[in-house]
Amino acid sequence: MSDEILHLNQLDYSQPFIMNPSKSTDKIDIPLNPNRFDECIGGEQIPIIFDNLRSCCFIDGSRSTLSLQLQVNVPIPVDDPDMWYYAFDINENYDSGASIINLFQDAIHRTENNQILYHEKYFNIMQTFRNYRISNEHRQNLTMIGTAPPEISFSFPKYPYYNVNRIISFDIPLSTIPFFNTGQLIPSELLQKSALYLTVADPKLSLIGKNKAASSEAPIPASMSVSFMNMSLRLHTTQLYDNIHSAIKSSQLEFPYLSNHNILYQPTSSSFVIPVNLAAAKVSYVAIKFAQRVRVSNATTIGCAGIRDIAGGNSDDNGLGGLRIKAKVGEMFIPKFDIDTAVQSYISTCDALDRVPFKNTENPDPLKTINQLTSGTIPYNNYCLNLTTGSTYTTGNSTGCFCIAINLEKYGNLSGLSVNANRLLALHIDGLTNFNNFDVYVQTQYMSNVSMMENNIIVSK
């Protein structure tokens, strides 16, 4: 075809120019040592050492996983009421965020020079907040993390059942930890010889037992334990072109990331104030989750109290049964009014936890070149749904997603204030009439930053 014809028809067959700093990508497997932990009953600590990383590489945390095999050990079942299968939650609690993460109550990550990158207390309990900011496809991936047994069929949002006394393979996305849940590449120097320690939770409180027909909940044996084996890190690595890599290395590297600070508060009256430490330069949100102090039968494994539980079984007009929440920093209230209805608590929670901006607007984009992200997957109906048997409400019987969060990024200069160890947020909670039934878990998310110099790593927040 001649150039004249191309010009006449206004055609251009030139190859587009694409700038890509990545020279190559790869998946590497790092077996853990030790990589087997037998008959854990809770409290054991599993060390995950990031070793043998090439200094020229960067880690894509969003595509990396922790691979392991799990076996739930119980006495050999004989009769139908015995425990034949296990699940991570009951099917009704499909919004709780439960998964194999149930089995890890604490996560702490230390650099080679023993600085703490992050410390996630109550790691298993706080997974509920995750569903507010991930797509439905991603959520199903996290819910169905393991290999399904052939005997029992299931479909989302039901939880799969796994056979006891059998080895089941799991791949846990590292993105369940905020540090790795980022689109930016992590410098290998930051992770090299660092150690992530996972503390095993009590498996008797973390799993649901099922009978032989998988039709009802089975009692969990007192001797039940869990074994982890064949554990390894599977990291997605990227190598940059030499000139780009040298230019980056010649300057001081900065790596910002999100961290969670989690605390447990046990109320002693219907009205109380929870002090929350805000000693960080940039704070994103504060979120609270009510959990049943004593787990009841047919209730969620990670302690999600339903909105009807909080309301004391009442079904009044506002949905919260008189509960009122407000945050205060100095003389500033956030928000300026009490959060005292289910509608207001849902709006506030989505505003704080859902990171997709302007998801309810439409951009003039005829070429469809703008990346349209998808928002979280908790509709209002699920947020305040209370399940019943006939006309009788069962304690703890909800979809498992009820929580209340407050956005701290959009109020004055709150997130721009300098670091102050005495800087506190007072979380005022009034009207929790059945306070003896609940523990209150509080999560504050803030931004941390790592400065990497030639022979030193400094973590700040």
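Me: Before anything else, what is pLDDT?
Reply: pLDDT is the predictor's confidence in each residue, on a scale from 0 to 100. You need it here since this is a predicted model.

Me: OK, what does the protein average, then?
Reply: The average pLDDT is 81, and 77% of the residues score at least 70. Over residues 415-419, though, the pLDDT is below 50. That stretch still has 15 contacts in the model beyond near neighbours in sequence.

Me: Let's talk strands. Is β6 largely enclosed or open?
Reply: Strand β6, residues 104-110, is largely enclosed by the rest of the structure, because five of its seven residues are buried.

Me: And which strands does β6 bridge to?
Reply: One is β11 (residues 194-200), joined to β6 by six bridges and running antiparallel to it. In that pairing, A107 stands opposite L198. Another is β7 (residues 116-121), also antiparallel, with five bridges. There, H109 has Y118 as its bridge partner.

Me: What sits between β6 and β7?
Reply: Five residues, as the two strands form a hairpin. N114 in the turn has a positive phi of about 70 degrees.

Me: There's a three-strand open sheet too. What's its order?
Reply: It goes β8-β5-β12, with antiparallel pairing. The edge strands are β8 (162-163) and β12 (208-210), each pairing on one side only. Between β5 (residues 85-87) and β8 there are two bridges, and Y85 is partnered with N163.

Me: Switching to charges: how many salt bridges are there?
Reply: A search of the whole structure finds eight. One of them joins R234 to D29, with the closest N and O atoms 3.1 Å apart. R234 is in strand β13 and D29 in strand β1, 205 residues apart. D29 and R234 also belong to a salt-bridge network with D171.

Me: What about D338, which residue does it pair with?
Reply: K326, with the closest N and O atoms 3.3 Å apart. D338 is partly exposed at 29% relative accessible area, while K326 is buried at 16%.

Me: Last one: which residues make the nonpolar surface patch?
Reply: V343, I347 and Y380 make that patch, and it covers about 260 Å². Y380 is in helix α7, residues 380-383, and counts as partly exposed at 32% relative accessibility.

Notes: Residues are numbered from 1 along each chain as its sequence is written. This is a predicted model: local features need pLDDT of at least 70, side-chain atom pairs count only at pLDDT 80 or more; totals for chains, interfaces and linings use all residues. Side-chain values use heavy atoms; hydrogens and water are left out. Patches are made of residues with over 30% relative accessible area and no salt bridge: like charges are joined within 9 Å, nonpolar side chains (Val, Leu, Ile, Met, Phe, Trp, Tyr) within 5 Å. Accessible areas come from the Shrake-Rupley method with a 1.4 Å probe; for residues, only the protein chains shown count as cover. A salt bridge is a side-chain nitrogen of Lys or Arg within 4 Å of a carboxyl oxygen of Asp or Glu. Helices (H or I, at least four residues) and strands (E, at least two) are DSSP runs, numbered from the N terminus. Buried means under 20% relative accessible area, exposed over 50%, partly exposed in between (1.4 Å probe, protein chains only). Two strands pair if DSSP finds at least two bridges between them. Contact means heavy atoms within 4.5 Å.
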